[in-house]
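This briefing goes through one protein chain by topic. The sequence and the structure come first, and the notes follow.

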Amino acid sequence: MSIPTWGGLSKAKLKAVTAGAGDVLKGKVIVDANGNPLTGVIESGEGQTITPTTAAQTVSCNGKYMTGDIKINGDSNLVAANIVSGKSIFGVAGNARKYGFINKWANTGSTAGFRDVADKATYNKYYVEAANIGFTPESCYAIYNTGNGTVRVTGYIYNPYTYFGTYVVAGDRDYKATSYAGSFSSSLLRIPVYTSGGNNILAAGYY
């Protein structure tokens with residue numbers, strides 16, 4: 001049944017009505033352009049609080065009238081120091097280091113060319129190596145026991161500025177401060193040592 005057009009409500013005025021059912025809240029009634037009752041169909045959506053997870057979440061707002069705020073929780077622990085370096089969470093890049101350590105026995109009788117950092121020449125040196133250690137080493141020591149009470153230690157410290165390490169041999173309190181370019185990566189750790197034979201490798205670094 002249409003609504004009578006008396007009381008100043010003329011058909012001409014009703015023609016100005018452009019709203020349809022999809023423009024009116026569900027359960028609410030208006031008058032259409034022909035003076036007929038028109039019940040709205042727009043659903044209402046309540047406010048809610050979203051806690052981030054490992055997967056994307058969608059708040060269904062399409063075609064709805066939102067009756068409250070949508071709140072996204074934050075967490076004061078979302079800082080770089082709490083995220084492993086190389087990873088990011090919601091745009092926050094991590095800078096926390098996870099450290100690794102190996103204690104390995106290695107035997108060497110082979111030599112390889114190592115470039116002297118100072119004179120740029122290459123010298124054949126005995127070496128020990130460890131492959132695929134899983135982390136980037138920062139320091140490494142190869143310990144060789146001569147069997148006559150003398151222990152020789154090769155120390156190799158990674159230098160992030162020159163990408164070289166420091167080769168130091170300690171034997172009978174005699175130090176040779178010579179720098180060689182070794183291999184210091186997670187896929188291959190190779191350092192020159194004082195002599196051939198078995199060495200105990202101790203290395204520490206970060207993932």
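**Briefing on the chain**

By class, the residues that line the largest cavity divide into 4 nonpolar, 3 polar and 1 charged. The model is predicted. The chain holds 1 helix and 19 strands, and buried residues account for 25% of its 207 residues. Among contacts with a separation of 6 or more, 46% join residues 24 or more positions apart.

**Cavity**

- The count of cavities of 30 Å³ or more comes to 1.
- The volume of the largest cavity is about 30 Å³.
- Its lining consists of Y144, R152, V153, T154, V193, Y194, T195 and N199.
- Strand β13 (residues 151-157) supplies the largest share of that lining, with 3 residues.
- As a general point on method, empty space is found by rolling a probe the size of a water molecule over the atoms.

**Strand β19 and its partners**

- Strand β19 spans residues 197-206 and is mostly covered, with 7 of its 10 residues buried.
- Strands β9 and β19 run antiparallel and are joined by 10 bridges.
- In this pairing, T108 stands opposite G197 of β19.
- Strand β12 (residues 136-145) also pairs with β19, in the antiparallel sense, over 7 bridges.
- Here S139 has A204 in β19 as its bridge partner.

**Strand β11 and its partners**

- Strand β11 (residues 122-131) pairs with strand β10 (residues 111-116) in the antiparallel sense, over 5 bridges.
- For A112, the bridge partner in β11 is K125.
- Strand β18 (residues 188-192) is joined to β11 by 5 bridges, and the two run antiparallel.
- Across from E129 in this pairing is R190 of β18.

**Residue Y99**

- Y99 belongs to strand β9, which covers residues 99-108.
- Is Y99 buried or exposed? Its relative accessibility is 56%, and the cut-off for exposed is over 50%, so Y99 counts as exposed.
- Leaving aside residues up to four places away in sequence, Y99 touches E138, G205, Y206 and Y207.
- Y99 and P137 are 38 residues apart in sequence, while their C-alpha atoms are 9.1 Å apart in space.

**Cysteines**

- How many disulfides does a search of the whole structure find? The search finds 0 disulfides.
- In general terms, a disulfide is a covalent bond between the sulfur atoms of two cysteines.
- C61 has a relative accessible area of 30%; this lies between the 20% and 50% cut-offs, so C61 is partly exposed.
- C140 has 1% relative accessibility, which is under 20%, and therefore counts as buried.

Methods:
Residues numbered from 1 in each chain as written. Predicted model: local features only at pLDDT ≥ 70, side-chain atom pairs only at ≥ 80, totals over all residues. Heavy atoms only, no water. Pairing = 2+ DSSP bridges. Helix = DSSP H or I, 4+ residues; strand = E, 2+ residues; numbered from the N terminus. Disulfide = S-S within 2.5 Å. Buried < 20%, exposed > 50% of the residue type's maximum accessible area, 1.4 Å probe, protein only. 1 Å grid on protein atoms, 1.4 Å probe; cavity = no way out; pocket = protein on both sides within 12 Å on 5 of 7 lines; lining within 4 Å. Points joined across faces, edges and corners; volume = space filled by probe spheres on them. Nonpolar A, V, L, I, M, F, W, Y, C, P; charged D, E, K, R; others polar. Contact = heavy atoms within 4.5 Å.
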